[in-house]
Amino acid sequence: QLHQQQQQQQQQQQRHGQTQPMNAHSQNGAGNGNHRYRHGTYHQHYRVGEVLIAVGVVDILPNGLSSVYLFYHPSFSHDLVALGKWTTLQEIQFTNQTLKVPYYYLGYYIESCPKMRYKADYQPSEMLCPVNYKWVPAKCAQAKLQQSAPHYMCSLSDDGAVNDANVDGLNTQHQQDETLNISNIVMDVGAGIPVSIDMLQEAGQGVVRPYLEDFAREAGRQLQTQCTVKLNG
């Protein structure tokens with residue numbers, strides 16, 4: 001009988017395109033009376049016949065479903081059938097009809113990244129203001145982002161000048177970070193000689209620049225010239 005129950009549970013998961021949760025935090029979960037999903041990370045499988053065409057990575061949360069990532073077979077995605085949009089609609093349906101939880105999370109929105117802008121197309125939706133931590137209608141937030149100058153972060157709600165001043169301070173700090181002097185940092189890249197970023201090809205500079213900038217921020221201008229940064233793993 002126990003074996004039959006396990007088989008029935010596996011068949012239910014296969015019908016819903018689910019794998020077992022990874023790092024499930026508790027036995028509590030979401031879903032209807034017939035089947036409940038534990039909180040945690042799942043892989044949703046999308047198939048045409050026996051062919052796996054896409055896998056969606058989602059987190060089941062106490063009050064919603066968080067869409068983490070999607071990877072798919074490029075042969076099955078084109079303008080006629082956009083798998084990204086189709087799987088998003090499937091996840092929304094799964095959130096509403098199967099999990100019966102109120103919220104579906106699409107993750108970070110980046111106005112300057114064209115591949116991220118699709119997230120504002122699904123309505124009704126809201127964006128969380130990174131300054132005041134208030135939910136703002138997505139269309140209003142998007143309009144404010146488009147009207148403002150490019151910023152590291154900006155306020156999406158209309159709560160007072162004090163918070164806006166804090167944002168200006170963060171943007172100023174970010175601009176200062178972008179002008180860090182990292183050309184005098186000595187690196188050991190396994191070449192047998194000390195190397196600076198100016199000695200590398202453009203592609204190599206792009207790889208090491210984030211590490212050197214992090215090091216410069218932590219070490220300070222004086223200490224960064226007294227150290228050798230080892231980057232050969």
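**Note on the sheet and its packing helix**

1. In this predicted model, strand 4 and strand 5 are paired in the antiparallel sense, with eight bridges between them. The two strands are joined by a hairpin through two residues. Within this pair, Ala54 has Tyr72 of strand 5 as its bridge partner.

2. Strand 3 is likewise paired with strand 4: the two run antiparallel and are joined by nine bridges. Thr41 lies opposite Asp59 of strand 4. A hairpin is formed here as well, with two residues between strand 3 and strand 4. In the turn, Gly49 adopts a positive phi of about 65 degrees.

3. Strand 5 (residues 64-72) also pairs with strand 6; these run parallel, and three bridges connect them. Ser66 has Tyr105 in strand 6 as its bridge partner.

4. Taken together, the four strands make up an open sheet with the order 3-4-5-6 and mixed pairing. From one strand to the next, the twist averages 30 degrees.

5. Which strands does helix 2 touch? Helix 2 (residues 83-99) packs on the sheet and touches strand 3, strand 4 (51-61), strand 5 and strand 6. The direction of helix 2 makes about 150 degrees with that of strand 5.

Terms used:
Residues are numbered from 1 along each chain as its sequence is written. This is a predicted model: local features need pLDDT of at least 70, side-chain atom pairs count only at pLDDT 80 or more; totals for chains, interfaces and linings use all residues. Side-chain values use heavy atoms; hydrogens and water are left out. Two strands pair if DSSP finds at least two bridges between them. Axes are lines fitted to C-alpha atoms, for helices over the stretch in contact, and angles run from 0 to 180 degrees between N-to-C directions. Contact means heavy atoms within 4.5 Å.
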